[in-house]
Amino acid sequence: MRNILTREQAVLEAGRCLYCYDAPCEKACPSAVPVPEFIRSITTGNLKGAMEIITEANPMIDICGELCPAFCQDVCTRTQINSPIRIRELHRYVTGNADMAENLEVPAAKGGKVAIIGGGPAGLACARELRLKGYSPYVYEKDKPGGIPMQEVSSGRLPEDRAGRETGFINDNFVSGVIDEDVDSAQELLKSYDAVFVSAGLAEERDLGIPGESLKGVYKAREILRDIKNGVRSKAGKRIGVIGGGNVAVETAAALKAEDPSRDVEIIYRRGMKEIKAFADEIEEANELGVTFQFMSIPKEIKGGGRVEGILLTRAHLGEPDASGRRRPQPVPGSDFTIPLDTIVVAVGQQADKAFPGISRKADGLIDTGEDMMTNIKGIFAGGDIVRGASTIVECASDGKSAALKIAKFIEGGVMNV
Ligand SMILES: Cc1cc2nc3c(=O)[nH]c(=O)nc-3n(C[C@H](O)[C@H](O)[C@H](O)COP(=O)(O)OP(=O)(O)OC[C@H]3O[C@@H](n4cnc5c(N)ncnc54)[C@H](O)[C@@H]3O)c2cc1C
């Protein structure tokens, strides 16, 4: 459940910080937020100062305060004594109680135009850093600026005012122009810009690859989330099976249950509770809403005559680890069983689409870049999920920051468009 600390709770929690000299929390943060520094500001009641410290390091301050997986907490030294500092909640306390910081000075534009394809966390972070270096970033966005957090993450997890404030702040202060366009070719854009940053995310959702997937009543998870986010009642029925064990599966199940508590919503996952990949607080929230789980169950066939009527599953046991190091689910012979359902929601992963011809891809479809974050085409850089695969907001924001450095270096070595 989304917890907001009171002033007293925040000061008490901040007072638990050991201010480690090597700050493992800061090292674990992809955006290198100086965690002990902002925590110290909370203890002195200086929220403006805390906001400035976070802002300088992390362009996605509001959104990370709500949704960050908080890698920092996993390595907190306090864990060795009792429990980790609740760093994300302290971060949220700061962003929830302070105005946007204005400590970042925007220099006069010095020439050098960069096109950014996709205004998600990677693209917006890149825009901010480029503008702070004196360049002019133009963001090409085919949908709502802000990427997945603005377009899909349910408002129960990310309140509209938090996401909107962040995106608006970056657009107003650091973006030279937002162009409402679905870009086909990065090379075409490069003709009018000094560099291009491709941060278009993962547009496609994977199929289950079993019979019955084209029946009426089978949906992809992100299309359901987008509808709910846009205030459109989802097409899902009353007995819903959500297939998958990641954050998207758990979030979709929770959103469907929140939309209509009279629905039965069950997550069907081929491994067990221990192996589920979703964040613990998301699972807890889904549980609280009444979402149920069907573990160790492999989907074999979606049943129905035209419309979904159920799903045929087989029990699984966990075998040897696969390439990812996780134990592979193996079917238990003779253990087939069917659950009656009217809706199936598929949430088994995301992948890149085939956009941007000419840019080299790896076997898994992700964009191939070098250490310098440049693609095979000189002047075209890429980062975020389209390079990493499904990842996190803070990692994508960090990619955007790093790409801005590399792009600046590239432009400085060449001739700029003024
Ligand atoms: C449902 C869901 C919940 C999640 N929850 C969390 C969470 O709680 N915490 C967390 O850390 N991470 C979460 N993630 C992951 C996180 O949202 C992503 O890792 C992150 O948003 C990726 O950032 P990005 O900038 O690479 O791409 P995106 O956020 O996908 O943004 C890409 C942008 O590019 C635009 N675009 C695409 N193609 C084009 C084109 N051709 N022309 C113009 N514009 C284009 C898209 O409209 C989009 O706005 C979640 C993901 C999903 C799907």
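Residues are numbered from 1 along each chain as its sequence is written, and side-chain values use heavy atoms, with hydrogens and water left out. In this predicted model, local features need pLDDT of at least 70 and side-chain atom pairs count only at pLDDT 80 or more, while totals for chains, interfaces and linings use all residues.

On a 1 Å grid over the protein atoms alone, a cavity is a set of points where a 1.4 Å probe fits but cannot get out; a pocket is an open set with protein on both sides within 12 Å along at least five of seven lines, and lining residues have an atom within 4 Å of a point. A volume is the space filled by probe spheres set on the points, which are joined across faces, edges and corners.

The second largest pocket has a volume of about 330 Å³. Its lining has 14 residues, with Pro69, Ala70, Gln73, Asp74 and Arg88 nearest the centre. Helices H6 (71–74), H7 (87–97) and H14 (280–289) each give two or more residues to this lining, and H6 gives the most, with 3; helices are DSSP runs (H or I, at least four residues), numbered from the N terminus. Because domain 1 (7–97) and domain 3 (206–346) both give residues to the lining, this pocket lies between them; the bounds come from an automatic or database domain assignment.

There are 3 cavities of 30 Å³ or more. The largest cavity has a volume of about 140 Å³. Cys29, Val33, Cys68, Cys72 and His91 are the closest to its centre among 15 lining residues. The second largest cavity has a volume of about 100 Å³; of its 14 lining residues, Cys17, Cys20, Cys25, Cys76 and Ile85 are the closest to the centre.
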